[in-house]
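Welcome, and thanks for opening the viewer. Let's walk through this model one selection at a time.

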8 protein chains.
Amino acid sequence: MDKDDLRQLLNYVKEGKISIEEAIKKVQIAPFEDLGFVKFDHHRHLRQGFPEVILGLGKTPEQVVEILKLVKDRNHPVLATRCNDEIIEKVSKEIPEAEIHELARCITLYRDKVKIPEGMGKVLVISAGTGDLPVAEEAVLTLQMLGNPVEKLYDVGVAGIHRLFENYEKLLDARVLIVIAGMEGALASVVGGLVDKPVIAVPTSVGYGVSFNGLAALLGMLNSCSAGIGVVNIDNGFGAAFLANSINRIGRNVKK
Amino acid sequence: MDKDDLRQLLNYVKEGKISIEEAIKKVQIAPFEDLGFVKFDHHRHLRQGFPEVILGLGKTPEQVVEILKLVKDRNHPVLATRCNDEIIEKVSKEIPEAEIHELARCITLYRDKVKIPEGMGKVLVISAGTGDLPVAEEAVLTLQMLGNPVEKLYDVGVAGIHRLFENYEKLLDARVLIVIAGMEGALASVVGGLVDKPVIAVPTSVGYGVSFNGLAALLGMLNSCSAGIGVVNIDNGFGAAFLANSINRIGRNVKK
Amino acid sequence: MDKDDLRQLLNYVKEGKISIEEAIKKVQIAPFEDLGFVKFDHHRHLRQGFPEVILGLGKTPEQVVEILKLVKDRNHPVLATRCNDEIIEKVSKEIPEAEIHELARCITLYRDKVKIPEGMGKVLVISAGTGDLPVAEEAVLTLQMLGNPVEKLYDVGVAGIHRLFENYEKLLDARVLIVIAGMEGALASVVGGLVDKPVIAVPTSVGYGVSFNGLAALLGMLNSCSAGIGVVNIDNGFGAAFLANSINRIGRNVKK
Amino acid sequence: MDKDDLRQLLNYVKEGKISIEEAIKKVQIAPFEDLGFVKFDHHRHLRQGFPEVILGLGKTPEQVVEILKLVKDRNHPVLATRCNDEIIEKVSKEIPEAEIHELARCITLYRDKVKIPEGMGKVLVISAGTGDLPVAEEAVLTLQMLGNPVEKLYDVGVAGIHRLFENYEKLLDARVLIVIAGMEGALASVVGGLVDKPVIAVPTSVGYGVSFNGLAALLGMLNSCSAGIGVVNIDNGFGAAFLANSINRIGRNVKK
Amino acid sequence: MDKDDLRQLLNYVKEGKISIEEAIKKVQIAPFEDLGFVKFDHHRHLRQGFPEVILGLGKTPEQVVEILKLVKDRNHPVLATRCNDEIIEKVSKEIPEAEIHELARCITLYRDKVKIPEGMGKVLVISAGTGDLPVAEEAVLTLQMLGNPVEKLYDVGVAGIHRLFENYEKLLDARVLIVIAGMEGALASVVGGLVDKPVIAVPTSVGYGVSFNGLAALLGMLNSCSAGIGVVNIDNGFGAAFLANSINRIGRNVKK
Amino acid sequence: MDKDDLRQLLNYVKEGKISIEEAIKKVQIAPFEDLGFVKFDHHRHLRQGFPEVILGLGKTPEQVVEILKLVKDRNHPVLATRCNDEIIEKVSKEIPEAEIHELARCITLYRDKVKIPEGMGKVLVISAGTGDLPVAEEAVLTLQMLGNPVEKLYDVGVAGIHRLFENYEKLLDARVLIVIAGMEGALASVVGGLVDKPVIAVPTSVGYGVSFNGLAALLGMLNSCSAGIGVVNIDNGFGAAFLANSINRIGRNVKK
Amino acid sequence: MDKDDLRQLLNYVKEGKISIEEAIKKVQIAPFEDLGFVKFDHHRHLRQGFPEVILGLGKTPEQVVEILKLVKDRNHPVLATRCNDEIIEKVSKEIPEAEIHELARCITLYRDKVKIPEGMGKVLVISAGTGDLPVAEEAVLTLQMLGNPVEKLYDVGVAGIHRLFENYEKLLDARVLIVIAGMEGALASVVGGLVDKPVIAVPTSVGYGVSFNGLAALLGMLNSCSAGIGVVNIDNGFGAAFLANSINRIGRNVKK
Amino acid sequence: MDKDDLRQLLNYVKEGKISIEEAIKKVQIAPFEDLGFVKFDHHRHLRQGFPEVILGLGKTPEQVVEILKLVKDRNHPVLATRCNDEIIEKVSKEIPEAEIHELARCITLYRDKVKIPEGMGKVLVISAGTGDLPVAEEAVLTLQMLGNPVEKLYDVGVAGIHRLFENYEKLLDARVLIVIAGMEGALASVVGGLVDKPVIAVPTSVGYGVSFNGLAALLGMLNSCSAGIGVVNIDNGFGAAFLANSINRIGRNVKK
């Protein structure tokens, strides 16, 4: 039951076409979403310029192709994340217009239709080592598909901390920062100590031994002595970008 | 070496009062901060209206009193977090003008001097159960001391999820949301699924058995099926507020 | 907005006292619960003979006394669980009519008003060692307060498994079984292998070393080679009883 | 020694064909089961309409085929769970009448011979995401093979909680609920807060990073703030169904 | 039903005083133990010279005193382990004849009545550091109360491995060895590499940081590169002694 | 330097063929083993009828074949454990006289040369489920190669505990018991409660979810409420057999 | 901005070619490294005889080949660690002059150009078992490429501790010791107790069950009762060698 | 048996005062140490200027006082670490000449007798926050008692990384660096990236929530992206100092 249905129902009540008790029952069992909750419809924001997002993880190549074909016709941006080799191969073959982003393990459609809305600031994506690149690229691509200007600062791990300082101006220039690091994840603390902007930290599974597939980096980031760092799950470049976007949009929504 | 020192040095160079090689050496060993990095001076932003923050954890009552007395004369807001009974007792006795916030385990000075800067949005602090209140209050107090308008929505754990829905308008009304929950921490996922604003999740150590002092809630929040939730350390109400403030300030800094 | 409010609103619509658009908005923001969801009101079932339950854990003695005084006047059964020494002492002094159950760490009021509803079967509470008794007694008391006939079978740990077999008839006689054990928790598997009734297992924190405060027992129960055992949190006698009660009530609700 | 053997022995004693001391010894060493313990014979309930269950996990394709051929002749329902691709391929080829349930990783025989006994209520199987489907389908199939009417409610994860509410009537309609979720497993808490029926929660290994292959969901469910949820091992759809069946049968066994 | 009862029952059958069907039923529900299983009676071996053992852990001083008074009259050896200060104080006052073993946290009665049975070999108790002494002494006392000749070799941790070698003859002289060590527990591997006798390893909670209260030592012992070491729970000196005793008794039971 | 070398050296000293100082130096740097320590020579006991043991884990097929060829000529029993498919295939081809034990993942040579020494008792190997068979067979084979009479009792998991009781006499008949179980490992506790002989428990990696590859079973066994169970590493059938053998040999070594 | 740039800038200042304010700004944003920090340039020490090091882990064969080709022309030593089969195969084919070190999983170039600087002492690399060899060889190769004289002492695990003692002189002869062991890692403690030189311990992932891929060895080494052992990550032979080299170079740098 | 004993024995052999077989036996059982192993005598190096070290952890005040009194008469330096309040109080009273180091929880005697040997370099002790001071001071005191010149650099955590850079010269000036940090322990990585000297990292238990009492810092340090950092146990300031001393002494021992 959406607003129109409700309007009609109330009209029927007004016109006496339906008894009040019957109307009560209809309202009671009406699906919640239909009652007008803004975000209850996850698909709605798609119509507002957001991309459709498909999580490839745990889906068969056939399933991804099927979904892509379905949404393709809507003619607006689509992003598929965590696509393995099988998915990428299948999609390449069956949907030639799909763009493959191999490093990011992502697939996009209609990327050129994404517009950067007015009021968006720059999001800086910082990564520590080459092993962190797939996660960083997933974040970058997600940010771009969501309409954010993105700056990259890669390979600035704390073992060679001067590379970070050499790019200090980029840090000052960004509205939101995403820091991506594996191993001990110390980069998040260092960056967090250098800026007073929102910092989102993404631990990666890069490392071996007691990196425990990213757990050490995660713990490091959660324990950061630099206050106010928001942490997401290991390797979750998409989630960090999603949060950065919702932060960045504040600038857009602020009434001037 | 600050800018003035550098200016003088260059003047000396220009005037030939100092050899170039000697100048090179002086620049090389000059402290980094002095070269003008904005945030390297943590104390600077205090002068700009931020409170002085003292972490009570691991400090003796004597140490806290001493620091409070030192900063008291600066005549601007002070916030001490994680103050145990001994600290609170000692401070109450020795600094009568200090405000004690027992539930939040915090102490403040000059709270009335805090001004809410123009452009700040509302931060909504949501908590699940009564056990989460100390963490929630620490977040609220920190937000207020940092100049944020705060709304509270307490005791809306998912076991009685209708209480959350009854306050749906509050969710829509906020610019940033902080969700505080112990046990399984499911509230973060539910809230994250209802709004498309920045959500910061704080796991608390409320629970017993396999809550593992907040670890279960932390894992739940990091694994949230609602995309884009930033998580901080267990019981870290201060950190969540600090991050929320840096997000909220984007609204303030956006050029109109 | 409850049914009556909705009825009145619809009447107003019918009578033209309110515009349809205004009515739509009112329905949209009406609290969910008011729309008639059965369990959204947690307090409702109290009126139906269920006890009021207060979790003592994390509450101050003052808070517990205050709540007890509030609900006392309703004149129906009250159960407070996880009451520490301070709570018990305070309640003993301030509410003399309260019954103290020291072993179970519980307090009750109006226990004599509990009636066992028709159709309830017997719940058998089995425990392994003396250290498990507080949890077992919490379960027993909860079951009784919820209106279940309870049988006890204590101190039948698998190190002396003959004691369990000596009471085999009790196992056959019960509708639901709660098995409470610490250390390795093997009792749950043994009992689960002897009956084909619902078995609820409660690991307890009894043990030392690698019992890890009940984790070993929990893992043992979740890995049980006896199929179909439902496990609750460590030391959660209350939760097991709550589940047993909801299972037992099936017998009551089955239409004859 | 079964009842008949014992009867004969006693007859011999009565008739003096055997000395009393000899009879004592024979009774002492008689296998326990033979003494008449109801459930000691796991195969007995098969004759009463229960399916034979084969755990495919850790068995070779040859072993599964062999067992299936053995029990096939008994002409009553058979369920094999956790069958990998090799098992499925081998069985398909060698036992053409076997039904393959690919998503559930199960194989059945004589499924049409299963009858739903009188007095069984509906079991509702709720799952959060598409990744949880194999576990959900294993539960559904097990329930059906054990003679339970089953209703499904899939893809209602808390990120889009409105889908759950849209199906609120299904929740009210069921006698027992099985909630299947990975990642943070919050769905169990939400469902547990909406109904007062037995809820069985199954954590799944769906997720990545700190989902730790289902551990996060498991912890979330065990720590649920909704009282009275029984939890089973990760991905254990069969165990949940087995427990649900034993709960459901209470309705059947209640004397009318 | 013990042997005598069974004999009488069979007599009744023989004499026709009871019907055969009635006798069958009586035998079916007779307690298992009564049917003559050797170890089902845990108390029986007490009568054979074994001490009564009381686990003080988790018992109140009152409970321990009560049990001690009960068993005191049987006039045979009693051992109470894991007695805290409160228990020791209470017992000292109320049972003056009790021997207090402060280091071992144990209490004994009638220790002088213990006889070393013929055929017992020497058990060597080896410990690494002074912190391990309470566990070592618990093992020694248990061994002695169970009738084993004991040799001690203390303070021979691998940091000063020469002390172990200086006592190499003691190692050769023992029938069973118990190795007690905290921290990294390496002593078990070293001893296991020097002898080809049964070695029982007891990890202790001695250590700090990542000793994790004995977990590191436990893991070390379970992973020992010296084959054939049996490990018990952390700090479980009693369990190691119990196992050593059952091994040692093989020598006693071997028919000569 | 063995005894003979030392004897010669001393003779030289006696005869003045070597100076005393030179002799001192030679003794100082002489390898320890040579000084006569019984077990320092691991190969010695091979000459006494023990098999040569080769751990296949982590070795290449080539390495195993090479070692087998080397020791083959010594003409006494050889046991290779933890041999994967590649090793087995390679050995089958290159050493046709080698016996392959597929289930146990072992290879033997000259098994018929093993003699059971006088005085050895029976070792009973008990296992819970079919998944535990490889570990059980590894233990059996090791025991046999070390000269122990072995009895097997398989598939007696506690879910069908009657099968264990039906074989109660076997338990009474053994000198040492090895209990092998995965999942929750409860079988060890049950067996430990039924006998007063040395029990060695082997957790196996059988299970899924929170079995954590055998950790749950390990914890269960270490926490056993049945006193005196010695535990070895997960899946370590060889280690358990090695320990059982060293226990069993006590019977052999006892002077009659 | 390097020293020369700064010199020129100062000259410009002196000569009035640039205003002082402009110079201040240039100095402020100059990259840190350029200001002369010794180690900020990781590549510099290469020019001083250190090898270029490439971490193969997580790189594609193509990437490794590309980097090798790039650095090959510099004509000084190169070391690539953690190269898997694909990398090794690719490099073998494309860079024939590359030396493959299969056991160490390493590749080198220009190894013959490495010179052992004056003042370097011997580094002794000790390993416990054959499974530890790849890590040991990685350490050895790294040490050699860094210009250290290396001695090896392999296969001296504590199960046969006499082999260690037989080589006691080697221990006395070294300046720094690296101890490499898996399973329980006890070798580090034993060695640490025998020498008073710097000992670096490397846990390896050799083992099974509760070795937890090297965690048990790591914990053992960190908890070592022998004081002053520095531990590195699991399997990190490179890191241990790197630290040993920086220790060894002290001897080289000491002014004579 | 020391060298003199052996000489005498050989003399006896030579003179025929003892039979060769008897001599063989005497050599076989002679304590290992006596054969001349340098470090087997831990007390020897004390005579060479090293302090006696007493670990207070786990000792009673009486025990510490007793040991201190014993060693006091030897008139050379003594260091007691990990002394709690009770120990400190007791020692203060009974041994007035003892120096109490409250922050470091240490006690010393004859500190003024420590001489810094020629050839020792500076050891720099760096710590992150005020909570790390006790560990840092324990390291400093240990270093000093072992004869090392020490420089301190405290409160330079990465949240305010400029303080570290301001002291860059101190880093360049040291021979060995000890980095002490809790929380995420990132300081070790940053320092390790700035110098090419031996860095020893000490994680501290400073932190809360998922710092897990220092585990997060430990993992961070072990996973450091800066190669060649040696890590010790949590809070083990003594161990780090001990290792630093053994490294520093290389400079002393290098032949000039």
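**Stop 1: between the two domains of chain A**

Between domain 1 of chain A and domain 2 of chain A, the count is 1 salt bridge, a salt bridge being a side-chain nitrogen of Lys or Arg within 4 Å of a carboxyl oxygen of Asp or Glu. To see a salt bridge, select A:Glu138 and A:Arg82, whose side chains meet with 3.8 Å from N to O. Before going on, note that this is a predicted model, in which local features need pLDDT of at least 70, side-chain atom pairs count only at pLDDT 80 or more, and totals for chains, interfaces and linings use all residues. Residues are numbered from 1 along each chain as its sequence is written, chains are lettered from A and ligands numbered from 1 in the order in which they are written, and side-chain values use heavy atoms, with hydrogens and water left out.

Now colour the two parts of chain A: domain 1 covers 31–113 and domain 2 covers 123–248, with bounds from an automatic or database domain assignment. Their C-alpha centres lie 25 Å apart. How many residues of each domain are in contact? In chain A, 15 residues of domain 1 are in contact with 14 residues of domain 2, where contact means heavy atoms within 4.5 Å.

The area buried between these domains of chain A is about 1200 Å², with carbon and sulfur atoms giving 75% of it; buried area is the accessible area (1.4 Å probe) that two parts lose on being put together, summed over both. On the domain 1 side, select A:Arg82, A:Leu103 and A:Ala104: these lose the most area to domain 2 of chain A, together 38% of what that side buries.

There is also 1 residue pair in polar contact between the domains of chain A (both at pLDDT 80 or more). A polar contact is a pair of N or O atoms within 3.5 Å; within protein, one must be able to donate a hydrogen and the other to accept it, and residues adjacent in sequence count only if both atoms are side-chain atoms. Strand S2 (78–81) and strand S4 (106–109) of chain A are the elements that give two or more residues to the domain 1 side touching domain 2. Helices (H or I, at least four residues) and strands (E, at least two) are DSSP runs, numbered from the N terminus.

**Stop 2: a link within chain A**

Next, select A:Lys90 and A:Glu62, a salt bridge whose closest N and O atoms are 3.7 Å apart. This pair links distant parts of the chain, 28 residues apart: A:Lys90 sits in helix H5 (residues 85–94) and A:Glu62 in helix H4 (residues 61–72) of chain A.

**Stop 3: where chain D meets chain C**

Show chains D and C together: 39 residues of chain D are in contact with 39 residues of chain C. About 3200 Å² is buried between chain D and chain C, 72% of it from carbon and sulfur atoms. How many salt bridges are there between chain D and chain C? The count is 0, while 3 residue pairs are in polar contact across this interface (both at pLDDT 80 or more). Elements that each supply at least two residues to the chain D side include helix H8 (168–173), helix H10 (215–222) and helix H11 (237–253). H11(D) gives the largest share of that side, 8 residues.

**Stop 4: two backbone angles**

Most residues other than glycine have a negative phi. Select D:Arg82, where phi is positive, near 50°, in the loop between strand S2 (78–81) and helix H5 (85–94) of chain D. Finish at F:Arg105, which has a positive phi of about 55° and lies in the loop between strand S3 (99–101) and strand S4 (106–109) of chain F.
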